[in-house]
Amino acid sequence: MGLKHSLKLGLRKSWSKIVFHTGLHRVIDALMPRRLTILAGHCVHAPSSSGLPPDMTIQAAKLQAILAWLARRYDVVTVGVGVERLEQAGKRSLVALSMDDGYKDNRTHLLPLLKSVGVSATIYLETKPLDARVPNWSHKFFAILDRMGPADFVLRFTEISTDTRSNILMNQLVSHGEVTSYHVKRMLKYEVPAVERSRAIDVMFAECELDERELTERLYMTWDDARALRDAGIELGGHTVNHEILSRLDAAGARAEIEGSRLAITRELGAAPESFAYPFGRAWDWNDETVRVARESGWKSAVTTNAGTNQRGGDVLRLKRIMIDEHADLAEIVTHVCGGFDVWRRVGVDLA
Ligand SMILES: [Zn+2]
């Protein structure tokens with residue numbers, strides 16, 4: 001970790017502690033413009049989400065404490081409602097919880113938790129696993145990593161894959177000692193051509209005698225689960241069909257992904273969804289073309305994973321979010337939500 005990065009982390013922690021523990025968050029909240037803060041996660045820690053990396057899960061008790069705290073001071077709503085209300089007059093700022101992909105625990109563990117706090121949420125569905133009961137490559141990758149370390153993964157993957165360039169890059173990871181599952185996943189995501197990635201992972205998945213159907217059933221919700229969530233007042237949004245990086249697709253490919261999830265949800269839930277999430281969501285994972293297609297496809301809002309809060313009059317197809325996972329810290333979240341990091345942004349300092 002670079003010195004600049006650790007300095008930023010240290011400052012962020014210290015500032016959050018001050019804001020949270022001194023009650024300064026109340027003052028900042030009153031002074032800053034009304035805002036919509038969208039929290040973003042994937043899974044509540046549950047047997048169905050075992051084997052997922054810690055940046056994809058959050059302990060139920062921790063999430064419950066965060067939501068209960070926020071619900072006392074803010075209006076906790078769905079993204080769809082939040083986007084609408086932000087443009088209307090109102091005093092309290094808004095918070096929305098969003099969960100990406102459509103995991104099983106969202107029904108079995110998240111829903112009871114939301115009910116206990118008395119709030120709703122938005123779940124963005126990747127529709128292929130619900131339709132065809134097959135997982136995407138990243139979950140096959142995690143399942144393989146349950147059987148072997150990342151270094152062994154790279155060793156076998158580069159034996160199978162014929163893409164010389166990415167094989168060299170992967171082997172460099174090993175020789176530099178940076179072979180964590182995070183680094184390998186990043187490389188698979190951005191450096192290995194999609195077709196070759198799928199082919200090599202499928203070979204390894206079969207070699208490990210893993211079962212695609214079993215993995216999908218454990219991990220992902222079904223359309224019946226989605227309907228039960230809808231009936232309980234949860235908003236279901238779209239997150240493409242195959243969870244591809246949209247900026248890497250041509251216009252027709254991006255359109256098929258963005259419209260495809262909207263059509264599937266409309267077909268299964270009987271009403272057109274309004275809220276969309278770009279897969280991966282970082283600034284380089286989507287582009288102006290993606291945003292244009294999302295608008296033309298009829299989505300009323302779209303979220304990214306760029307960190308920050310959203311204000312009235314902002315671009316509803318480029319909404320910012322705050323990621324939450326096992327390392328989530330209530331003081332830091334409250335500092336985001338009250339506008340405590342926006343204060344610093346106004347003077348050109350980005351602590352978030
Ligand atoms: Zn996703």
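Me: How many helices and strands are there in the chain?

Reply: The chain has 17 helices and 11 strands. Helices (H or I, at least four residues) and strands (E, at least two) are DSSP runs, numbered from the N terminus. This is a predicted model: local features need pLDDT of at least 70, side-chain atom pairs count only at pLDDT 80 or more, and totals for chains, interfaces and linings use all residues. Residues are numbered from 1 along each chain as its sequence is written.

Me: What is the radius of gyration of the chain?

Reply: It is 20 Å. That agrees with a compact globule of 352 residues, which would have a value near 20 Å. The radius is taken over C-alpha atoms, and the globule rule is 2.2 Å times the number of residues to the power 0.38. The C-alpha atoms fill a box of roughly 60 × 50 × 40 Å, taken along the principal axes.

Me: And which domains does the assignment give?

Reply: Domain 1 (3–129 + 222–346) and domain 2 (137–214). The bounds come from an automatic or database domain assignment. The C-alpha centres of domain 1 and domain 2 lie 29 Å apart.

Me: What share of the residues is buried?

Reply: Buried residues make up 43% of the 352. A residue is buried if 20 or more other C-beta atoms lie within 10 Å of its own, exposed if 12 or fewer, and partly exposed in between, with C-beta atoms placed from the backbone.

Me: Which residues touch the most other members of the largest nonpolar core?

Reply: Ile-38, Val-95, Ala-96, Ile-123 and Ala-302, out of 83 residues in that core. Strand S5 (residues 94–101) gives the largest share, 5 residues. Domain 1 and domain 2 each supply at least three residues. A nonpolar core is a set of buried Ala, Val, Leu, Ile, Met, Phe, Trp, Tyr and Cys residues joined through C-beta atoms within 7 Å.

Me: What does Ile-38 touch?

Reply: Val-79, Ala-96, Ser-98, Val-303, Leu-319 and Arg-321, leaving out residues up to four places away in sequence. Two residues are in contact if their C-beta atoms, placed from the backbone, lie within 7 Å.

Me: Back to S5. How many bridges join S5 to S6?

Reply: There are 4, and the two strands run parallel. Ser-98 has Thr-122 in S6 as its bridge partner. Strands pair if DSSP finds at least two bridges between them. S6 (residues 122–125) also pairs with S7 in the parallel sense, over 4 bridges. There, Tyr-124 has Gly-237 as its partner.

Me: Are the two faces of S6 covered or open?

Reply: Both are covered. Thr-122 and Tyr-124 are buried on one side, Ile-123 and Leu-125 on the other. In S7 (residues 235–238), Glu-235 and Gly-237 point one way, Leu-236 and Gly-238 the other, and all are buried.

Me: New topic: helices. Which residues are buried in H15?

Reply: In H15 (residues 288–296), they are Thr-290, Val-293 and Ala-294. Down the axis of H15, its buried residues fall within an arc of 100°, so they line one face of the helix. The arc is that of the directions from the helix axis to the C-beta atoms.

Me: What do those buried residues pack against?

Reply: Helix H14 (251–269), strand S8 (275–277) and strand S9 (301–303). The face of H15 turned away from its buried side carries the exposed Asp-288 and Glu-296.

Me: What follows H15?

Reply: Gly-298, with a positive phi, near 100°.
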